[in-house]
Structures are given as C-alpha cells and as structure tokens.
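Here is a briefing on a two-chain model. Look over the structure first, then read the notes by topic.

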Amino acid sequence: MRKMAKNQKGIIKRVSAKGEMGRRIREMGLVPNTPVKVKGRAPLKDPVAIWVRDFTLTLRNNEADEILVEIEEPGEETV
Amino acid sequence: LKKIIIALSGNPNCGKTTVFNALTGARQHIANYPGVTVEKKVGKVQHKGHEIEVVDLPGTYSLTAYSLEEIVARDFLVNERPNAVIDIVDASNLDRNLYLAVQFKELGVPLIIALNMMDVAASRDIVIDHELLGTLLDVPVVPTVARTKRGLNDLLDKVLEVSRGPNDWEPSVISYGSDIDEGLDEIVAVLERVGGYDRKYDPRWLALKYLESDRQIMEILYRASQIRSQIEPIRARVAKHIQGTLEEEPEGIVADHRYGLITGITKKTVKHKIESRLNVSDKVDRLLTNRVLGPAIMLFILYGIFEITFRGSEIPVAWLEKLFEWAKGALTLFIPEGYLQSLFVSGIIDGVGGVLGFVPLIMMMFFFIAIMEDVGYMARVAYMLDRVLRWFGLHGNSVMALLISGGISGGCAVPGVMATRTLRDPKERIATLLVVPFMNCGAKLPVFGMLIAAFFSRNRAGMLFFLTLLSWTFALLAAKFLRSTVLRGEKTPFVMELPPYRIPTLRGLLIHTCERTWQYVKKAGTVILAFSVILWAVMTFPGLSEERRGYYEAQRAQIRSDFIASPAQNDLIQNEEELLYFHRIRSNRAPSLEGSAPHMASPSKAMVKLSEAVDALENGERAEGIKEPFRNAAEAYIVFREAEADVNRREKAEALRETLAGRLGVFLEKVTGSIGFDYRTNIALIGGFAAKEIVLSTLGTAFSLGDIPGDDGGSLPKRLRNDPGWNPLVAFTFIVFVMLYVPCFVTVISISKESSWRWALFSILFNLVVAYTISFVIYRIGSLLGFGSS
C-alpha cells in the first residue's frame, strides 16, 4: 500500500501485520477483499490517509507496508 | 417499578455523547470506574413512569483486552449485567460500526442498535433498509438523529420492551471457518467437562477470546490449572494449522470473518445512490490538510485560539480579581488583626481566589478544545504532526495532551495528564505524561505575565509566544530523552480515523466546557484550599520569638517617642494617642469605628492641615508652597513613617525567614544561589508545589514583607525591578525554572493515578533535575555574556 499513488484504488489482498498492529488494522475494517483508495498524505508524506468502508483512516507508511493491495485503477498523479 | 440500567456504547465519533446528553440532559455526573481512571458518566432519564439509569461506556471500536477502555466496557457489561445495551451506530459508516455490534452479539448482551446520524447518511445518498438490517442481525434497530432528538422516544420505548424480558444473555453463534469453529467446539467441551471457569461468561465466548489471544481471558482461564493443560494444546494446534495453510493468526481469521459477515449484511441493506462522490469533508480536507497550506493554517488556528483565549478572558479575570480584593478588604474590617485574619486573607482567600481567578481562562480554553475535538480538527492536527512527534518517541495523539496542558498556552496539566488516556502504548503514554507538566499551563502564565511586565515589557505577546515555543522544545527533547533511555521501546500503530467534519452543537460544547471547568473548580475548592491553609501555616509558623518581637516593638516605640518629642513637628502631635488618631485620619478610616479616642470625635483643623501637607509632599509638590509649621512637621512625619516602615519590613523579613518555608528556603539558597535565586524566591517556588498559581502570590508575600498601609512599595513588578537581587537574567532564569520544575501536587497525584507512584516520584525528581540543569546553563552563560548586570 505504501507504493500507492494519490487517488489510486485497489483491493486488499493480504494483511500481514500481527499482534496489536494487526488487530488495530483489522478492527478498522482493513481485511482482505476490502476496496481502498488513497486520499492523500500528511505534509511530510507520512502518515497516509485512505478511504475505506465509507470513512477516512490514517496509517503510517510502515503500517501500510503490512497491507498488500491489488491495484485496480491508476492514480491521477504519482507520489 | 423496577430500576432499569442501560449501557450506552459505540465507536468514537458516532454521536454517542450527543445521544447521552440528549437523553439525560443536565442530570448526569462523572465518576471513575473503580480502580482505574477511565471516566464513567452516569445520567438518568424518565420514560413512561420508569426511571432509567444510563451508563455511558467509553467509546471503542472493539471489545478486546488491548486498551483500558475496552476492558472497562467489557467488565461493566459482564459484572453489572445492564438491562439493555444501546449500541450507537453511525449510519454513514455502517461497516466499521457494526464490527462492535457483532462483538456485542458474540457476548450475548440484550442489544438495541440506534442507527444514528441518519441525516448525514441521507445527505451522502446512503439509503439503509433498517428493518432488513434488524432482521438479518436479529437485533432491534431504531433509526435516530441525536442532534434533533429524532427517534429517541422510540429508542426508549424499545429499551422498556427489552428490559421487560428476563435479561438472559443469548450469545450468537457465528462461524469463523471450519478450523476455528472446530477449535472452539473442543475448548467448549473441555470447559464444560472440567468446569471451574467463571460462570459469568459464556463458554463459547471464552473459547473465542482465548483463541484470539485475549490476555485478560487467558488469565481468567489459567486460574484453573487443569483447564490450562487441556486447552493450551488445542490453541497451539489451531494456530499452527492456520499459520501453515493461510499464513495468518487465529485473531486475524476471526476479524476477517466478522467483517465478512458484516459485508454480507450491508450489501443487502445499504444502497449508495451515487458512487463515491466527494463529500464536503473531503473538500475541506483538501485545504486543511494540504501539504503546504495545512500546517500554515494549523499554526494560524492554534495561535488564534491562544490569542482569543488570552484576550477574551482578560476582562472577566480582572473582574474576579477585584471581587477577591474586595472580599479581602471586607474581611480585614470584620476580623481583628492577628493569625485568624491572616489565615483568611493570606491563606484561604489568596489560595482560592488565585485559583478561581483563572476560571474564565480555563473555560475559554476548554471551549475551544471542545470545538476542535467536536469539529474533528484535533484528529487532523495529530495526522499532520505525527511524522514530527514520532521522531521524539511520541504519538500523534500526544499532541492532544500537550495542547491541553498548555501547548496553546493557558491549559492545565491535570486534564492534560488525563488526555494521555487516548494513548494505547504504555511507554508513549508515560513519556507524554512525564513531559506534559513542562507545558505552560494557565497557572504559570500569571507568573510569566508578571515577570514579562516587569522586565520584558517591550514585546509582551511576542515574549509569551516565545515561551510557548520554548516549552514545546523542552517537552519534546525531554520526551526524546526519556524514550531513548528509561522508556525505550517500539512505536504503536497510528491507525486513526479522520472523522468527517461536523458542526458541533452548542449544547454539547457547553456541557463539555462546564464539566471540565467544574472539575477544575472542585479541585481548586477542596485540595488547593486545604493545601493553601497548610502552606499558610508553613509560611507563618513558628515565626519570631517573643524576645525578637519585643525588640522590634521597642524600636518602634523609640521611633514614635522621638517623633513626638521632635521640635520639627512643633507639638502638632503631642502624645501617642494623637499619633494613633492621626494615622487613622491618614488611612481614611472613620475614627468613630475605632472608638479608642472618643474625646476626639472629629479631626482638629491642625491635624487636617498637617495631613494635607503630608499628601502634598508625597505627591511631589514643591515644599515652598506649603505653609509653616505644617511643612516642617509633614517632613518630619514622612521621615518617621519611613523609619517605622523600615523596622516593620525588617521584622517581617526576619519572621518569614524564621518560618518552616523560610528555613527551607534559606537552606536551599546554597543550591539556588548559583542560579540567582535568594531565599524569598525559593519560598515562592516551595509554595508552587501546591499549585503554580501560588508562586505568584507567595512571591507577592515574600517581596511585600514591608507592606504596610501608606508604605509606597509599589506593585510586585515594580518591587522586583527595584530589588538588587533581580535583573532580566534572573527573571528569565526564573521563568524557565518555573516552566520546568516540579509539577503541582495535583498533577503529581494525577500522574500517579494514571501510572504509578513510582512514576509520580520520578516525575518530581526528573523535573527538578531538568529545571536546575537548564536554569544553571542559562544563568551561567547569561552571566558570562554580561546579561546579569543590568
């Protein structure tokens, strides 16, 4: 997910995070087969804001690394 | 009529507080859950002749044992068994909100879903078939709009209906895939065969939590050793199998299945009329979290709040100060001079008044914080600042605690310490806890304000802003230091919701503001009152010995008789009685009130003229314009008064040195001398442990030791400016020391409750060492550069 560009859409394939991080990511609805879209990044390019299940969620880049996404649509701009 | 208890639960930002306020109105009170510091709000509502007690559970996304809030919520449900649980579900964000609902179903509580924010959902063209949703979930679903109170009556009807039942829990059986399901069955079989587990819990639920590696449930189950030996292999086998086939942990599989179930349900019940249209929040976010404009706007907003809080509260603060001055004046008339008067004036009124004087400031601050929180901007601040704060070992949400403690100046470390509850990682939490007292809380501000007025009056607002930046710098560096030494450890996930922007309700803001302000006032009224009395005693007793008092009294008598005998005053005042009478004319007190000189009911013409002459001289008029003999007599009188004041000053100074605080202050001079503080400054700092606002009043007392009516010592800033021991360097060192040194004892107590006594003690020592070291560096470098001489 870290490599995704702004406004790019995709579907979560796998969440490899374990323990508390895994739980936090999953309880917010980031589970396999969920569509996500990158909304933007914080001023220092980290954290990233994503649109998932009708709300906005923020994640750090290292947390985004734990989420494997299959890209559906290319983004409007590259980051 | 049976008493009905219901619990209110839901995700953060789902409108739970609005529902709670709408249901209970002002009839609510806040306590803590036993043993922990999580707030427990309880309110009452009457409905159709029933009294319903509403318990507001902490907002959570889940029911695991990872956070204190979730454990508290779970324990409350299991131990108290409320008649009904209302899960407030945000209709515009159904999937994630139902995740908690599904967990309530697993637990088996008598659940009612309040499908809240139907208006927001409608505005986003989300259509929900709530009846079908209720059928699929097998839970009563009531659509509501808490802001306009729509649906709340139906909700209460449903509560009564559900409460009429026998309050049996019916845990739902959800499938988590064959691997987990089989494991669950095996563990349930063990539990039922062996027994010995806590019967409050449903066995399948215990088994599920056990497979999810829930720490609290593991502890409960492991109490029976024969259970442990039989279920541990089952869990290990299930975990190994899942790892081998799916490369996952059981926990993950369970969560995935819950969401699978939810997605299935919402696909049938929710229709988006228009696909993913940009909503208003997104448009606002494009500006407010813009890479360039976002931080600029954030600085502007924070500085704006700082200014408005400050300027806006100036007038009411001045008002309150006047009120307390008046109360002091009134008390001096009614209570005769002595320890009792001193107790009321210097102990009680100064203590409480000094604290209550900040209520307007605190109200303003809480009001703005409430707006920031309710609007949803606070989360954006955390989002934008996370990258920076992470470097210091803090969490994006630490910003909230730092802000409340005085990051935007004028906060309070006590609610700030409480705000650290939002942090999950204990190390990040304690690091935040420990640095939060470095921020410029509202009680330090008047100390800074007074010193800025005295020494840096050219650019007051600029200096205050500089001090705010300075406190951030110290706090962040201290956090970095702590996180790389005593609190080394991993960073926690920053998985945070950016809630949609919302316009807060005025009612919600006011309730929030008043609640927090009231907490502050309660603290001021009780603990600080007690402490100011103790401190008054510490600063009053044991005082001067009889012998030394006699010595000063003899000196005063000598000065008086010298004046009466002085040829310069031409026998205008012939004896002590007349002198006393003259003093009273001068201090504008009605002579009849005193009653000690009945034969002189009205002042003689000569005395009035003498008094006028003294006034004229004191006002700096030319001596030539005043007629003799009054000119000479007035000059002699002024010399006499100064001599008398000097004796009083010396007596009070000696008396203060003789008190407990004074002795400690004198003792500490050996250490504080190297940073430019004398014993009077030390006494003020000792007082500051009770509350930082006491630093100022004690400084006032310590430096007004010669303060008697008619003595022109001037205001405290003026005194300090004229004091040989003070200069801008000392003042700046003092400001930095006050910024950093020991938190007030209320904060220390809060810290100990949020962590442990060990950390609270550590906080005292750590802050002292930091304050002293930094002050030492500033003072020494400043002296070398020659700043100490002006």
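The notes below cover the interface, the salt bridges, the cores and some local backbone features.

This is a predicted model, in which local features need pLDDT of at least 70, side-chain atom pairs count only at pLDDT 80 or more, and totals for chains, interfaces and linings use all residues. Residues are numbered from 1 along each chain as its sequence is written, chains are lettered from A and ligands numbered from 1 in the order in which they are written, and side-chain values use heavy atoms, with hydrogens and water left out. Chain B and chain A bury about 3,800 Å² between them. Over all chains, the salt-bridge count comes to 37.

**Interface of chain B and chain A**

- Contact (heavy atoms within 4.5 Å) joins 49 residues of chain B to 38 residues of chain A.
- Of the buried area, 51% is on carbon and sulfur atoms. Buried area is the accessible area (1.4 Å probe) that two parts lose on being put together, summed over both.
- The interface holds 8 salt bridges (a side-chain nitrogen of Lys or Arg within 4 Å of a carboxyl oxygen of Asp or Glu).
- It also holds 17 residue pairs in polar contact, both at pLDDT 80 or more. A polar contact is a pair of N or O atoms within 3.5 Å; within protein, one must be able to donate a hydrogen and the other to accept it, and residues adjacent in sequence count only if both atoms are side-chain atoms.
- Elements giving two or more residues to the chain B side are α3 (94-107), α10 (225-246), α11 (250-269), α16 (377-391) and β10 (496-498). Helices (H or I, at least four residues) and strands (E, at least two) are DSSP runs, numbered from the N terminus.
- By class, that side has 17 nonpolar, 15 polar and 17 charged residues. Ala, Val, Leu, Ile, Met, Phe, Trp, Tyr, Cys and Pro count as nonpolar, Asp, Glu, Lys and Arg as charged, and the others, Gly among them, as polar.

**Around A:Asp46**

- A:Asp46 forms a salt bridge with B:Arg390, the closest N and O atoms being 2.7 Å apart. The pair crosses between chains, from helix α16 of chain B to the loop between β2 and β3 of chain A.
- Both B:Arg390 and A:Asp46 are buried. Buried means under 20% relative accessible area, exposed over 50%, partly exposed in between (1.4 Å probe, protein chains only).
- B:Arg387 also forms a salt bridge with A:Asp46, at 3.8 Å between the closest N and O atoms.
- The peptide bond from A:Asp46 to A:Pro47 is cis, with omega near 0°.

**Other salt bridges**

- B:Arg560 and B:Glu576 meet at 3.0 Å, N to O. They sit in helices α23 and α24 of chain B, 16 residues apart.
- B:Arg560 counts as buried because its relative accessibility is 17%. B:Glu576, at 38%, counts as partly exposed.
- B:Glu658 pairs with B:Arg663 at 3.3 Å between the closest N and O atoms. Shared partners join A:Glu20, A:Arg23, A:Arg24, A:Glu27 and B:Glu70 into one network.

**Cores and packing in chain B**

- The largest nonpolar core has 103 residues. A nonpolar core is a set of buried Ala, Val, Leu, Ile, Met, Phe, Trp, Tyr and Cys residues joined through side-chain atoms within 4.5 Å.
- B:Phe448, B:Leu451, B:Leu467, B:Leu720, B:Trp726 and B:Phe734 touch the most other members.
- Apart from this core lies another, of 69 residues, B:Trp169 and B:Tyr197 among them.
- B:Trp726 lies in the loop between α31 (716-722) and α32 (728-740), yet counts as buried because its relative accessibility is 5%.
- B:Trp726 and B:Phe455 are 271 residues apart in sequence and 9.5 Å apart in space, C-alpha to C-alpha.
- Helix α19 (residues 426-435) has 8 of its 10 residues buried. These pack against α17, α18, α21, α33 and α34.

**Local backbone features in chain B**

- The B:Phe541 to B:Pro542 peptide bond is cis. B:Pro542 lies in the loop between α22 (506-538) and α23 (546-565).
- B:Lys149 is not a glycine, but has a positive phi of about 65°. B:Lys149 is partly exposed, at 46% relative accessibility.
- B:Ser213 has phi near 60°, also positive. B:Ser213 is found in the loop between α8 (203-211) and α9 (215-222).
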